[in-house]
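Here is a short briefing to read alongside the sequence and the model.

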Amino acid sequence: MNGKVMKNCKIILPVLLVVTLFASCKKDHYNVGNVHGVNAEGEVLAPLASASFSMMDMMERFNLLDLLYWSADGDLAMHYTMQMDSVLEGAEILKFNDLDYEEQYTYPNPYPTTTPPYLDTVLSFERTITFESEHVFVREGFIKSGHLNFITESNAGHVQHVVLRSPNLKDAAGHDFVLDTPVQADTFGIDLSGLRYFAEEVNTLTLNCEVTVGTQATTEPELYLNFNIKGRDLAFREMQGFVENYSSRDRVDTVFTLFPGLIDGQLGLEGVRLKITERNTFPMGARFIVDTLTLSSEGNAPFSIIEPLPLPIEMPPAMQEIEVLNKVVDGRISAEGGRLLASGDFIVNPENYTDMVAISDTNRIDLCADVEIPFSFRVGDLKYVDTVNMNIDNLEMPDLIKELTLELTFNSVLPFHLNASFYMYNSETGMVTDTLLGESKVIKASFDGKPTTTEVTLVVDEDRVENVLHSDRIIMSYELDTENHKMHLNINQKLDLSLKGRAKYKGNVDF
């Protein structure tokens with residue numbers, strides 16, 4: 001019998017039965033009870049599975065789709081962008097140190113022997129304090145926040161009233177600043193928020209004080225008044241003055257996770273483009289000192305992808321983003337845990353110009369690190385695992401199968417060899433039922449861009465047929481290898497798989 005026997009077997013067997021019964025009606029010596037079945041022999045070729053794995057499927061499997069983009073021709077690349085807004089702000093520069101300033105005013109006791117009551121004493125004096133910064137010197141500006149708190153102490157009595165003026169301060173309406181206030185518990189304070197500041201001598205504040213002290217009897221020959229001035233949270237909204245070379249307080253650290261999916265293996269990265277753009281709205285130049293730019297991965301020592309380091313990147317003033325670095329680098333890493341680490345510090349006014357400038361707290365430096373990794377690299381031992389469903393029902397009358405040959409055909413447009421291992425799997429039990437390909441079979445690569453075909457024939461003997469018939473899936477494990485070819489990935493590349501079963505039948509069909 002030829003390959004059509006089993007296809008028509010269900011039709012032939014009933015026909016034979018009808019013929020037999022008809023003959024028994026004509027000839028009494030035929031006994032239907034003695035007919036138990038028909039001997040069947042032949043073979044059939046049945047489709048069991050097919051699949052198509054596109055490059056997009058693989059990228060989705062590796063959880064890389066969100067990082068990919070492709071050209072109009074379908075060429076793939078990974079793209080990382082880290083936008084770091086306000087990595088350095090004017091508000092950071094326009095802050096000043098807290099101050100703790102103490103001043104003592106002394107005078108001879110005019111009434112050392114007088115008993116109370118007698119007149120209160122009014123003291124007048126001028127003092128100048130300095131608010132400190134290591135890098136900013138203000139000539140004029142608008143104060144954003146700040147408090148001056150005064151604590152008084154005297155051996156002559158208690159401070160009852162204070163009138164405080166400063167030639168360096170005006171209110172929002174442009175009037176001279178005056179604080180005229182009674183004093184309780186020998187303390188009082190000034191809220192500097194919203195005041196305008198100007199001075200010939202930078203970072204100084206002159207205070208003209210008129211203090212009324214409620215006197216008490218004392219035989220001390222000398223009277224004193226202590227002023228303890230505490231300043232906190234002083235910051236300017238904008239200022240005109242001078243800025244010395246200033247290093248930011250916070251380092252800039254950026255980490256890109258290169259391959260966040262299920263990729264495992266060694267990757268040789270070629271033509272990785274690193275681009276840095278910046279927008280510096282300060283009225284002076286800045287410099288970004290990159291002291292770390294490394295690729296690291298599990299099992300591999302970190303290595304610098306740019307030499308020499310530190311790398312100074314100049315950042316001139318600009319209201320729009322401008323490109324300040326564009327380099328192409330290569331490297332080799334393990335895909336698992338692959339990281340790109342970039343670290344550095346900002347310096348404002350690196351040349352330390354002494355020109356007077358205007359700075360506001362809204363001035364800032366924005367940094368954008370852009371990494372593009374083309375999928376054009378060499379790879380070895382990169383693993384990919386997937387499954388495909390099988391339709392075993394296409395193999396009819398499994399009890400009669402004496403030999404099963406599985407014929408696999410691969411049509412590949414992928415630019416790498418696939419070292420394949422296949423396993424039969426039962427999804428109901430969750431068990432691997434048999435090894436289809438125990439030793440890796442090389443599926444040929446399409447290094448020249450032309451489709452290649454690989455055919456694999458596997459003979460499953462009678463003892464293992466049951467394993468196949470109790471399987472509904474194939475687990476496919478691939479190891480990718482470019483054999484030192486530079487592979488170029490495109491969204492249109494794919495691998496088509498076709499699995500057919502050639503079953504040989506032999507046995508008796510009972511009915």
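**A guided look at the chain**

P308 sits in the loop that links β17 (300–304) to β18 (311–315). That is a handy place to begin, and please keep in mind throughout that this is a predicted model. The chain holds 31 strands together with 4 helices, and buried residues account for 45% of its 511 residues.

- P308 is exposed because its relative accessible area is 63%, over the 50% mark.
- Between the C-alpha atoms of P308 and D291 the separation is 9.4 Å, and these two residues are 17 apart along the chain.
- P310 belongs to the loop between β17 and β18 as well.
- The peptide bond leading from L309 into P310 is cis, and its omega is near 5°.

**Confidence**

- Averaged over the chain, pLDDT comes to 81, and 84% of the residues reach 70 or more.
- Where is confidence lowest, and where is it highest? The lowest is found in helix α1 (residues 9–26), with a mean of 37, while the highest is in strand β10 (residues 196–198), at 97.
- Residues 1–36 have pLDDT below 50, and this stretch makes 27 contacts in the model beyond near neighbours in sequence.

**Strand β6 and its partners**

- Which way do strand β6 (residues 136–154) and strand β12 (residues 222–243) run relative to each other, parallel or antiparallel? They are antiparallel, and 16 bridges join them.
- One place to look for this pairing is N149, whose bridge partner in β12 is K230.
- β6 also pairs with strand β9 (residues 187–191), in the antiparallel sense and over 5 bridges. Here I151 has T187 of β9 as its bridge partner.
- G141 finds its bridge partner in Y197 of β10.
- The strand β10 in this pairing is also where confidence in the chain is highest.

**Two residues with positive phi**

- D186 is found in the loop between β8 (176–182) and β9. Its phi is near 60°, a positive value in a residue other than glycine.
- D186 counts as buried, since its relative accessibility of 17% falls under 20%.
- D233 lies in strand β12, and its phi is likewise near 60°, positive although the residue is not glycine.
- Is D233 buried, partly exposed or exposed? D233 is partly exposed, because its relative accessible area of 47% falls between the 20% and 50% limits.

**Cysteines**

- How many disulfides does a search of the whole structure find? The search finds 0.
- C209 counts as buried, because its relative accessibility is 6%, under the 20% limit.
- C368 is buried too, with a relative accessible area of 9%.

**Cavities**

- There are 7 cavities of 30 Å³ or more in the structure.
- How much space lies in the largest cavity? About 130 Å³ of space lies there.
- That largest cavity has 16 lining residues, and I276, F288, L293, A342 and A369 are those that lie nearest its centre.
- The strands that each supply at least two residues to the lining of the largest cavity are β14 (252–257), β15 (266–280), β16 (286–297), β20 (339–348) and β22 (364–374).

- Among the contacts in the chain with a separation of 6 or more, 87% are made by residues 24 or more positions apart.
- T362 lies in the loop between β21 (357–360) and β22, and β22 is one of the strands that supply lining residues to the largest cavity.
- The C-alpha atoms of T362 and S86 are separated by 9.2 Å, and the two residues are 276 apart along the chain.
- Is T362 buried or exposed? T362 is exposed, because its relative accessible area of 61% is over 50%.

How values were computed. Residues numbered from 1 in each chain as written. Predicted model: local features only at pLDDT ≥ 70, side-chain atom pairs only at ≥ 80, totals over all residues. Heavy atoms only, no water. pLDDT = per-residue confidence, 0-100. Contact = heavy atoms within 4.5 Å. Disulfide = S-S within 2.5 Å. Buried < 20%, exposed > 50% of the residue type's maximum accessible area, 1.4 Å probe, protein only. Pairing = 2+ DSSP bridges. 1 Å grid on protein atoms, 1.4 Å probe; cavity = no way out; pocket = protein on both sides within 12 Å on 5 of 7 lines; lining within 4 Å. Points joined across faces, edges and corners; volume = space filled by probe spheres on them.
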